[in-house]
Amino acid sequence: ASGQISMPRTAVTDDEGRFAFTGLAPGNYTLAGQKAAWVLAVYGARGPNDSQGVPIAVAHGQKVDGLRLSIMRGAIVAGWLEI
């Protein structure tokens, strides 16, 4: 985040996947979501390897809603090769 916070803020979603951050200083923020066994997701990212995404601009007194962050389940492919 490029706002006035020096440490990342976290929020836990409710059963419907809703979350909220309050009291943010004006600035540009990066929204990321993470869950065990799921791939880290960044708001506006073009794919799972894009860690930049699209910053979210927050003005003084502004409420930004309607943001949607989809995360993908992680996977491991295992097997062997016979020669």
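Predicted model: local features only at pLDDT ≥ 70, side-chain atom pairs only at ≥ 80, totals over all residues.
A salt bridge is a side-chain nitrogen of Lys or Arg within 4 Å of a carboxyl oxygen of Asp or Glu. With that in hand, a search of the whole structure turns up one salt bridge.

**The salt bridge**

The partners are Arg18 and Asp14, whose side chains meet at 2.8 Å, N to O. How exposed is each partner? Arg18 is exposed, with a relative accessible area of 55%, whereas Asp14 counts as partly exposed at 32% relative accessibility. The cut-off that parts the two is 50%, since exposed means over that value.

**The chain as a whole**

Confidence comes next. The protein chain has a mean pLDDT of 85, and 93% of its residues reach 70 or more.

The secondary structure comes to zero helices and four strands, and from the N terminus on the elements run β-β-β-β. The radius of gyration of the protein chain is 16 Å, well over the 12 Å that the globule rule gives for 83 residues, so the chain is more spread out than a compact globule. Along its principal axes, the C-alpha trace spans about 65 × 25 × 20 Å. Of the 83 residues, 12% count as buried.

**Two residues to look at**

Which residue has a positive phi although it is not a glycine? That is Ala37, with a phi of about 70°. Most residues other than glycine have a negative phi. Ala37 is found in the loop between β2 (32-33) and β3 (41-42), and with 54% relative accessibility it counts as exposed.

Val12 has its place in the segment before β1. Val12 is exposed too, because its relative accessible area is 77% and the exposed class begins over 50%. How far apart are Val12 and Gly33 in sequence and in space? They are 21 residues apart along the chain and 9.8 Å apart in space, C-alpha to C-alpha.

**The pockets**

Rolling a probe the size of a water molecule over the atoms shows where empty space is left.

| Pocket | Volume |
|---|---|
| Largest pocket | about 1500 Å³ |
| Second largest pocket | about 250 Å³ |

The largest pocket is lined by 41 residues, and those nearest its centre are Ala11, Phe19, Ala20, Phe21 and Leu31. By class, its lining has 21 nonpolar, 13 polar and seven charged residues. Strands β2 and β4 each supply at least two residues of this lining.

Turning to the second largest pocket, 18 residues line it, and the closest to its centre are Ala41, Val42, Ala45, Gly47 and Ser70. The lining of the second largest pocket has 10 nonpolar, five polar and three charged residues.

How values were computed:
Residues numbered from 1 in each chain as written. Heavy atoms only, no water. Buried < 20%, exposed > 50% of the residue type's maximum accessible area, 1.4 Å probe, protein only. pLDDT = per-residue confidence, 0-100. 1 Å grid on protein atoms, 1.4 Å probe; cavity = no way out; pocket = protein on both sides within 12 Å on 5 of 7 lines; lining within 4 Å. Points joined across faces, edges and corners; volume = space filled by probe spheres on them. Nonpolar A, V, L, I, M, F, W, Y, C, P; charged D, E, K, R; others polar. Rg over C-alpha atoms; globule rule 2.2 N^0.38 Å.
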